[in-house]
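Thanks, everyone, for making the time. I would like to take you through one chain, and please have the structure open while I talk.

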Amino acid sequence: MAKIFTPTNQIRLTNVAIVRMKKGGKRFEIACYKNKVVSWRNDVEKDIDEVLQTHSVFTNVSKGQVAKKEDLIKAFGKDDQTEICKEILSKGELQVSDKERNSQLESLFKDIATTVADKCVNPETKRPYPVSMIEQAMKEVHFSVKPNRNAKQQALDVIPMLKEAIPIERAQMRIRVVIAGKEARKVREQLVKLASKVECEDWESGTLNFVCLIDPGHFRTVDEVVRSETRGAGQLELLNLKEVTEGEELLE
């Protein structure tokens, strides 16, 4: 009985997501599991074995053609297949069909809108918007989804753009700062500049009890001010992560 000859430089794979990268004048590809590439890039998936179908670098995945060792060394300066796979995974271009691409973009568009709805309110009513209304506003300002960036990053990008379509702002954080001693007045001056609204300012025996609302983007700055100016003696307490009124905005 004749033996079936299978070339050693060919690996047949099916139902794969291909990530492609051109380097050193040559094309290199890796075979990944569908839906895992984006998870890896967003730091959701940490296990490389859950992403790669095989720790092999190809010149053509669909034909099963494995890249030559000398070509890898010439292009990447190394022949460690796993490390090269990681580089291609992070920098390469994910090959998907038009139908898959459109589906992924629609899903990402909804994720961005959901993130915005969770982080923002109507400044006039302090109520959150429904996701559908955020989606409509995103379309009105012609927001273009970027497939290689995560939903949270793009949500922060689109919030300023949405102000052209609807009244919107980041939901405010409520914080309390308690400081004693001579540093209190100096810190208080800086807090007033960072606060969007001062709700309480009590002085008792030289100790400042200060409650205010701030934009979430200022929390780290406030923390640094309190720690550095008081050398760790001041107290910063987060009272509410989001200052919102229950219920949603409704479309008229």
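Predicted model: local features only at pLDDT ≥ 70, side-chain atom pairs only at ≥ 80, totals over all residues.

Among the contacts in the chain with a separation of 6 or more, 65% are between residues 24 or more positions apart, where contact means heavy atoms within 4.5 Å. Residues are numbered from 1 along each chain as its sequence is written, and side-chain values use heavy atoms, with hydrogens and water left out.

The chain has eight helices and eleven strands, taken as DSSP runs numbered from the N terminus, with at least four residues of H or I for a helix and at least two of E for a strand. Of its 252 residues, 36% count as buried, and here buried means under 20% relative accessible area, exposed over 50%, and partly exposed in between, with a 1.4 Å probe and protein chains only.

Let me turn to a helix pair. The axes of helix 7, residues 183-194, and helix 8, residues 219-230, come within 10 Å and cross at roughly 170 degrees, the axes being lines fitted to C-alpha atoms over the stretch in contact, with angles from 0 to 180 degrees between N-to-C directions. That makes the two helices roughly antiparallel, a term used for angles over 145 degrees. On the helix 7 side, E183, K186, V187, Q190, L191 and L194 take part, and they meet T221, V222, V225, V226, E229 and T230 of helix 8.

What follows helix 8? R231 is in the loop between helix 8 and strand 11, residues 235-243. With a relative accessible area of 72%, R231 is exposed, and its phi is positive, about 55 degrees, although R231 is not a glycine. For background, most residues other than glycine have a negative phi.

S205 also has a positive phi, near 55 degrees, and at 77% relative accessibility S205 counts as exposed. S205 sits in the turn of a hairpin formed by strand 9 and strand 10, with two residues between them. These strands, residues 195-204 and 207-214, run antiparallel and are joined by eight bridges, whereas pairing requires at least two DSSP bridges. Within this pair, C200 stands opposite V211 of strand 10.

Conventions
Parallel < 35°, antiparallel > 145°, perpendicular 65-115°, else oblique.
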